[in-house]
Amino acid sequence: MTLPFDNSYARMPDRFYARQAPTPVRAPTLIAVNRDLAERLGLDPDWLSGPEGVEMLAGNRMPEGTTPIAQAYAGHQFGGWVPRLGDGRAVLLGEVVALDGQRFDIQLKGAGRTPFSRGGDGRAWLGPVLREYVVSEAMAALGLPTTRALAAVTTGETIARDGFARPGAVFTRVAASHIRVGTFQFFAARGDIEALRLLTDHVIARHYPEADGPLGLLRAVVAAQARLIAGWMSVGFIHGVMNTDNMAVSGETIDYGPCAFMDAYHPQTVFSSIDQQGRYAYANQPQIAAWNLAQLASCLLPLLGEGDAAIDTATEAVNEFVPTFQQAWLQRFGRKIGLAAATEADLPLIQSLLSRMADNGADFTRTFRGLVTGAARDEFIDPTAFDAWEPDWRARLAGETDPKTMMAQANPVRIPRNHRIEAAIAAGVEGDYAPFHRLNAALARPYEPDPDFADLEAAPLNEERVLRTFCGT
């Protein structure tokens with residue numbers, strides 16, 4: 001089969017990437033193909049599921065039209081500067097233009113070593129592959145911008161992780177692009193102004209054609225990230241590793257490593273095992289996003305002019321993050337409690353509920369969904385805390401036309417809870433992918449009650465809670 005590749009990034013100068021073919025694997029076996037996504041991309045899901053398709057998804061066979069590369073970038077990791085990162089275990093096969101005209105990258109994660117590998121083997125084990133598949137598709141179903149999962153395959157090989165032999169796997173990721181804040185940092189740190197101009201023009205053409213030059217691009221990225229982070233907050237999502245190399249300039253969620261959705265709500269919740277200081281805690285995500293965007297602005301300074309005027313212009317653009325985020329957050333949380341057009345006057349009502357939830361260990365998802373069903377009170381250790389809040393809420397809803405429908409559309413029934421993901425991974429390691437497939441099916445319609453998936457709505461029991469997540473490779 002001839003695939004419709006058109007690889008614009010591979011036509012950039014050689015210093016943007018390293019040409020790198022995937023390393024073949026021994027005996028690839030298909031776990032899943034995302035048929036709906038494949039069809040949107042103009043790809044034949046039956047071919048992808050067949051022998052030739054699986055060979056491509058494993059990196060063993062490169063169809064005509066691919067130009068496999070590993071992209072170069074740098075980044076701040078937990079605030080520390082790393083001048084050379086790049087795709088150390090991922091290979092971008094190329095780009096396809098979907099039936100709707102939108103361009104997408106197709107990338108293999110776990111495809112072997114590249115020139116950017118830093119001592120690792122370039123492989124991935126099954127656990128992180130299944131986690132990213134589940135969570136990225138759940139995010140898409142929740143209506144949040146995200147990279148997508150096209151496929152997952154096992155490799156027929158084992159790799160060493162944490163002193164254990166783990167089953168190897170390859171994940172096929174689809175993204176509007178894999179260009180990161182760290183991509184701009186890579187060239188800015190080298191004083192490569194020509195590359196910055198080329199990259200800026202490429203991103204504008206690809207993602208923000210309405211943007212007027214580098215300042216317009218900066219403002220567009222700031223707005224996209226502000227809306228994205230507000231979306232994360234509204235579903236209780238914690239990215240876990242918001243390094244600048246993990247922030248896509250397209251405004252999509254990218255790089256699902258130690259990510260998690262909260263069970264019991266608390267603003268300082270951290271899951272990532274490597275986030276020892278809580279830098280990327282739930283409540284810190286907006287300010288970290290703004291910090292990352294300031295790094296992007298610094299990269300663009302040479303294109304914005306000279307001296308203090310350029311700095312002032314860039315600072316003004318980055319400062320737009322706060323009001324844009326606050327407005328997006330207010331609208332999202334307003335809808336979660338049934339308000340069609342929340343205003344700043346509604347902030348105390350929303351914040352009072354969140355404060356009471358934190359004090360009572362109330363489950364984030366079940367409490368907000370309980371506003372629809374009348375069961376929110378049951379999530380509180382001390383139900384009188386909810387009782388004291390409810391009258392003001394009911395009074396505010398009196399002027400709304402159809403708050404119940406609005407809340408039902410804003411508050412999911414099901415999220416990818418940590419303990420369910422871990423159970424699916426454990427079963428997958430034993431060769432049983434039924435829990436993985438069932439979880440994906442349930443999360444594909446997160447706002448719709450379904451008795452067949454009622455067990456997946458429950459919060460974990462104390463002994464089931466997963467309090468630490470890990471960066472998988």
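Modeller: The conversation below goes from the domains to the annotated positions, and then to rings, cysteines and local packing. Please note that this is a predicted model, in which local features need pLDDT of at least 70, side-chain atom pairs count only at pLDDT 80 or more, and totals for chains, interfaces and linings use all residues. Residues are numbered from 1 along each chain as its sequence is written, and side-chain values use heavy atoms, with hydrogens and water left out.

Biologist: Which domains does the chain have?

Modeller: The domain assignment gives domain 1 (8-175) and domain 2 (179-411); such bounds come from an automatic or database domain assignment. The C-alpha centres of domain 1 and domain 2 lie 26 Å apart. Their contact takes 36 residues from domain 1 and 42 residues from domain 2, where contact means heavy atoms within 4.5 Å.

Biologist: Which residue does the "active site" annotation cover?

Modeller: The UniProt annotation, from an unreviewed entry, covers Asp 245. UniProt positions are given here in the numbering of this model, with feature names shortened, and annotations may be inferred rather than shown by experiment.

Biologist: Where is Asp 245 found, and is it buried or exposed?

Modeller: Asp 245 is in the loop between β11 (237-238) and β12 (260-261). Helices (H or I, at least four residues) and strands (E, at least two) are DSSP runs, numbered from the N terminus. Asp 245 has a relative accessible area of 6%, so it is buried; buried means under 20% relative accessible area, exposed over 50%, and partly exposed in between (1.4 Å probe, protein chains only).

Biologist: What does Asp 245 touch?

Modeller: Leaving out residues up to four places away in sequence, the contacts of Asp 245 include Tyr 73, His 76, Arg 180 and Asp 255. Two of these residues also meet in another way: Arg 180 lies over the face of Tyr 73, at 4.5 Å from the ring centre. A charge sits over a ring if NZ of Lys or CZ of Arg is within 6 Å of the ring centre and within 35 degrees of the ring normal. Arg 279 is likewise over the face of Trp 291, at 5.2 Å from the ring centre.

Biologist: Where does UniProt place the "binding site" feature?

Modeller: The unreviewed entry places that feature at Gly 86, Gly 88, Arg 89, Lys 109, Asp 121, Gly 122, Arg 173, Arg 180 and Asp 255. These positions are spread over 170 residues of sequence and also in space, up to 23.0 Å between C-alpha atoms.

Biologist: Which residues do ring pairs link into a cluster?

Modeller: That cluster consists of Tyr 265, Tyr 282, Trp 329, Phe 333, Phe 364 and Phe 368.

Biologist: How many disulfides does a search find?

Modeller: The search of the whole structure finds zero disulfides, a disulfide being a pair of cysteine sulfur atoms within 2.5 Å. Cys 259 is buried at 1% relative accessibility, and Cys 299 is buried at 5%.

Biologist: Finally, what do the buried residues of α3 pack against?

Modeller: They pack against β2 (29-33), α2 (45-49), β6 (90-97), β7 (103-109), β9 (148-161) and β10 (164-175). The buried residues of helix α3 (residues 51-58) are Gly 53, Val 54, Met 56, Leu 57 and Ala 58. Gly 59 follows α3 and has a positive phi, near 90°.

Definitions and conventions
Phe/Tyr/Trp six-rings, centres within 6.5 Å; stacked < 30°, edge-to-face > 60°.
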